[in-house]
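Biologist: Could you walk me through this one? I would like to look at it piece by piece.

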Amino acid sequence: MIYLDHAATSWPKPPEVLRSMADFLERAGGNPGRSGHRLSIAAGRIVYDAREAVAELFNAADPLRVIFTMNATHALNLALRGLLRPGDRVVTSSIEHNAMMRPLRGLERQGVALTVVPCAADGTLDPADLARALEGGARLVALNHASNVTGTLLPVAAAAALAHRAGALLLVDAAQTAGVLPIDVRAMGIDLLAFTGHKGLQGPPGTGGLVLAAGVDASLIEPLMRGGTGSRSEFEEQPDDLPDKYESGTPNGVGIAGLGAGVRFVMARGIETIRGHEVALTRALIEGLRAIPGVTVHGPLDPELCTATVSFTVAGRRVSEIGYRLDEEHGVLTRVGLHCAPAAHRTIGTFPEGTVRLAAGMFTTLDDIREAVAAVATVVATGTVAT
Ligand SMILES: Cc1ncc(COP(=O)(O)O)c(C=O)c1O
């Protein structure tokens, strides 16, 4: 089996991640931050260690400004719905995932003005277009760091400078880049960073978070949920302390233990090493697919300008047939269709059929890529034309 669906979730997870989760349940299974006994303290220590690991990875000043969430979707909803009010203006791109688009469309119905800056057909965003969209000022610029359809990287540092000049904050959806590309919230000028734990960070499902940069005033961001935090229990009002303000209810301690181990695994291997490996895989993938007659690869076609996520279509053929046969006949696991990102597919011209998406990960080898490309060539050469 060749697993090429790392853009959906990474698999397999490093053994360290599995071990840390079993350890949490076996040796530290108390409720973190609640009771004062040893199992609760041990659990709290593991959760705090994970916060420190995430802060270190993203060069965030303060681990207490790492808010754990269920996933990137939860983190994006917290940032968008916590910050934006009727009358505010938010600027986004045309290649966003529905985790960004759906909350934004919902807020638009409540009176938030939404501007969607069109990206080019390869998914690239021209900073000049963003600058034009920001001429009237805005409260927030909200962009993904990389598309989950074409892997295209967006110019985050340039967007930060433009956002700040216009008086806006920058929210970055790093679902596709956390753990695979260097992310430095301070150097890149990111104000709010939403990440997921179960993709490049090698953690389990049910983990993710929102990093609030040092200068962001948390009093402007309302929590999505209010409830018990284990702190300031004498008050019936939600505490303002971070991260408690945004983390009501028992946290996913076992998941966070796995996330912390995943982040430490990524840091030990080195982001530059991971990125170098994935650039080599992406180059082989793009070149191999483009050499197959009838195949169109969508995206920037330059591995330095994208993640290891490559989408393709085949003239006259259904993506569902190709994905199904890659799995059934060759053991190559892909994802076909719209990838929860209809706006991105409209942008690259593949709506509503979508694409076949191959997404490599840190454990994928060049041999895996060669075999997968050979499998695509066989499926394409022997298929039936769609009617
Ligand atoms: C760009 C992007 N944003 C957000 C998400 C949502 O991530 P999660 O499933 O962790 O909520 C994804 C997941 O596929 C994604 O690719």
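**A buried glutamine, a helix and a ligand**

Modeller: Gln202 counts as buried because its relative accessibility is 4%, where buried means under 20% relative accessible area (1.4 Å probe, protein chains only). Keep in mind that this is a predicted model: local features need pLDDT of at least 70, side-chain atom pairs count only at pLDDT 80 or more, and totals for chains, interfaces and linings use all residues. Residues are numbered from 1 along each chain as its sequence is written, and side-chain values use heavy atoms, with hydrogens and water left out.

Biologist: Where does Gln202 lie?

Modeller: Gln202 is in the loop between E7 and E8. Strands (E, at least two residues) and helices (H or I, at least four) are DSSP runs, numbered from the N terminus.

Biologist: And what does the side chain of Gln202 reach?

Modeller: The backbone oxygen of Gly200, at 3.3 Å. That is a polar contact, a pair of N or O atoms within 3.5 Å; within protein, one must be able to donate a hydrogen and the other to accept it, and residues adjacent in sequence count only if both atoms are side-chain atoms. Leaving out residues up to four places away in sequence, Gln202 also touches others, including Pro12, Val17, Val266 and Phe363; contact means heavy atoms within 4.5 Å.

Biologist: New topic. How many Å should helix H2 span?

Modeller: H2 covers residues 38-57, and its 20 residues should span 28 Å at 1.5 Å a residue. The expected span is 1.5 Å times one less than the number of residues. The end C-alpha atoms are 29 Å apart, which agrees.

Biologist: Which residues of H2 are buried?

Modeller: Among them are Ser40, Ala43, Val47, Ala50 and Arg51. The buried residues of H2 pack against several elements, including helix H1 (15-27), strand E2 (66-69) and helix H8 (253-269).

Biologist: What does Ile256 touch?

Modeller: Val47, Ala50, Phe68, Thr207 and Pro251, not counting residues up to four places away in sequence. Ile256 is found in helix H8 and is buried, at a relative accessible area of 5%.

Biologist: Now the ligand. Which residues surround it?

Modeller: Asn71, Ala72, His97, Asp173, Gln176, Thr196 and Lys199 are among them. An oxygen atom of the ligand is 2.7 Å from an N or O atom in the Gln176 side chain, and one is 2.5 Å from an N or O atom in the Thr196 side chain.

Biologist: How much of the ligand's accessible area does the protein cover?

Modeller: The protein covers 91% of the 390 Å² that the ligand has on its own, by the Shrake-Rupley method with a 1.4 Å probe; for residues, only the protein chains shown count as cover.

Technical notes: Near = heavy atom within 4 Å. Buried < 20%, exposed > 50% of the residue type's maximum accessible area, 1.4 Å probe, protein only.
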